[in-house]
Amino acid sequence: MQHETIVIVGGGPVGLVTALTLAKANKRVTLLDSKLDSFNPDGRVLALSYASYIQIENLGVIVGDFVTAIDKVHISHNGLGISNINARDVNLAHLGYTIKYIDLVKALYKKIREYPQIKLQKALVNDVLTNDSYATISYSQSDANNPDKLLTADLVILAEGGLVKQKNTKYKMHDYAQQAIVVKLKTHKPHDNIAYERFELDGPMVLLPSEDNYILVWALSNRLVQDLSNKDILLTKIVDLAFMKRFGTIELVSDISIFPLKLQVAQNRVLNRVVLIGNSSQTVHPISAQGLNLGLRDVRDLCEIVMHIDDFSLGVDIINTYNHKRRLDVGFVSNFTHVLAKFLDHQSPLMSLTRSLGLITLSNCKYLQNKLSRSLIFGV
Ligand SMILES: Cc1cc2nc3c(=O)[nH]c(=O)nc-3n(C[C@H](O)[C@H](O)[C@H](O)COP(=O)(O)OP(=O)(O)OC[C@H]3O[C@@H](n4cnc5c(N)ncnc54)[C@H](O)[C@@H]3O)c2cc1C
């Protein structure tokens, strides 16, 4: 049976950054992904915090040509209360950058291919079991009708986005009964590197500057998503919003992509020889654009531990420290995002007043604003 030292399951941004970070520290890794780099673009644009951007750049991955800077975030809702967060308030050149998911993944694969220590293998992982000494992966290869194959490893890092559930851990789950509509908007007024978080009655929306356009991410109830999945109907709905008048004429310049939204947080991130990171460990609502940023901090903390393990046969109790190390940051971001998503979904007048008061307090309290911004950029 094939045996490897470190296997990463999942070649999304989190798995790829993990592979590069470990390879840079001279570790040999095997990366399994069901598609490898033959994936289809899904329209998603990611807001990378300044810290995430630096983490990727430090790996020598060239993303500069594909990013758009975010210098200001404007937060408002349908009612009173506006808050602005500026890069200069947190002493940074930019708050972060946006990049298309596909451009990021392609740039990471390009770098990966420069490392002979990284073995890429196309495989659909069906299950991962573990005991004290090793983990066993069962997988299939789409090009063959063979039964499942087995592979063992000293350490398995699960970064497959949360689809291969671990039987021995509990997950905190919430179905928002919402889906995110993602579409590219061309507006008459240029974006001036400003991102918007807007709480509309129908659901929260994020507008991210991306090249010369905006990417709209709008979380709506399942029923509304069905009604708005036609481009003409969606455009009419968007231009009718009072908030959108500031952008002048608006065109939809891409197809509509739809993503189901859920909260899924593993209560235990380390199970003997298996570690959960990125969306595999926590899938959060995209309202605060934090999923990948949180996942990249998982990578940073896990790799710091793993790169110092020379011999896995001597026991890997130290890996358990990862669980503890990530508790606070994951707890803060997943709870913050969940409360925000639930709180913003409420349409009662009392909730609207509470939201106004919250935003007015945030805009008048620079200390609170800066503390929150720094936590979301650098982690807790
Ligand atoms: C609409 C939307 C907008 C978002 N915006 C932002 C944002 O602005 N900022 C931000 O930080 N985050 C954002 N996120 C979250 C972000 O997309 C995720 O947190 C991030 O993609 C997680 O990366 P990952 O590598 O953990 O998982 P994924 O990106 O899900 O990658 C998983 C990989 O594993 C592979 N895989 C899956 N199952 C298997 C299997 N069984 N066997 C082998 N391989 C497998 C897949 O092919 C894929 O390559 C957004 C999410 C959505 C839905």
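Modeller: For the classes used below, Ala, Val, Leu, Ile, Met, Phe, Trp, Tyr, Cys and Pro count as nonpolar, Asp, Glu, Lys and Arg as charged, and the others, Gly among them, as polar. The model is predicted: local features need pLDDT of at least 70 and side-chain atom pairs count only at pLDDT 80 or more, while totals for chains, interfaces and linings use all residues. Residue numbers start from 1 along each chain, following the sequence as written.

The ligand is surrounded by 35 residues, the closest being Gly10, Gly12, Gly161, Gly278 and Gly291; a residue is near a molecule if its C-beta atom, placed from the backbone, lies within 6 Å of it. Two or more residues of the shell come from each of α1 (13-24), β2 (29-33), β3 (45-49), β9 (124-130), β12 (171-187) and α6. Such helices (H or I, at least four residues) and strands (E, at least two) are DSSP runs numbered from the N terminus.

The largest share of the shell, 4 residues, is given by α6. This helix covers residues 291-306, and its 16 residues should span 22 Å at 1.5 Å a residue, which agrees with the 22 Å between its end C-alpha atoms; the expected span is 1.5 Å times one less than the number of residues. Because 12 of those 16 residues are buried, α6 is largely enclosed by the rest of the structure. Buried means that 20 or more other C-beta atoms lie within 10 Å of the residue's own, exposed that 12 or fewer do, and partly exposed anything in between, with C-beta atoms placed from the backbone. Among the buried residues of α6 are Gly291, Arg297, Asp298 and Cys303. Gly291 is also one of the residues closest to the ligand.

The shell draws at least three residues from each of domain 1 (2-39 + 102-171 + 263-341) and domain 2 (69-98 + 176-260 + 346-378), bounds that come from an automatic or database domain assignment. The centres of the two domains, taken over C-alpha atoms, are 31 Å apart. In contact with each other are 8 residues of domain 1 and 8 residues of domain 2, contact meaning C-beta atoms, placed from the backbone, within 7 Å. The side of domain 1 that touches domain 2 has 5 nonpolar, 3 polar and no charged residues.

Definitions and conventions: Contact = placed C-beta atoms within 7 Å.
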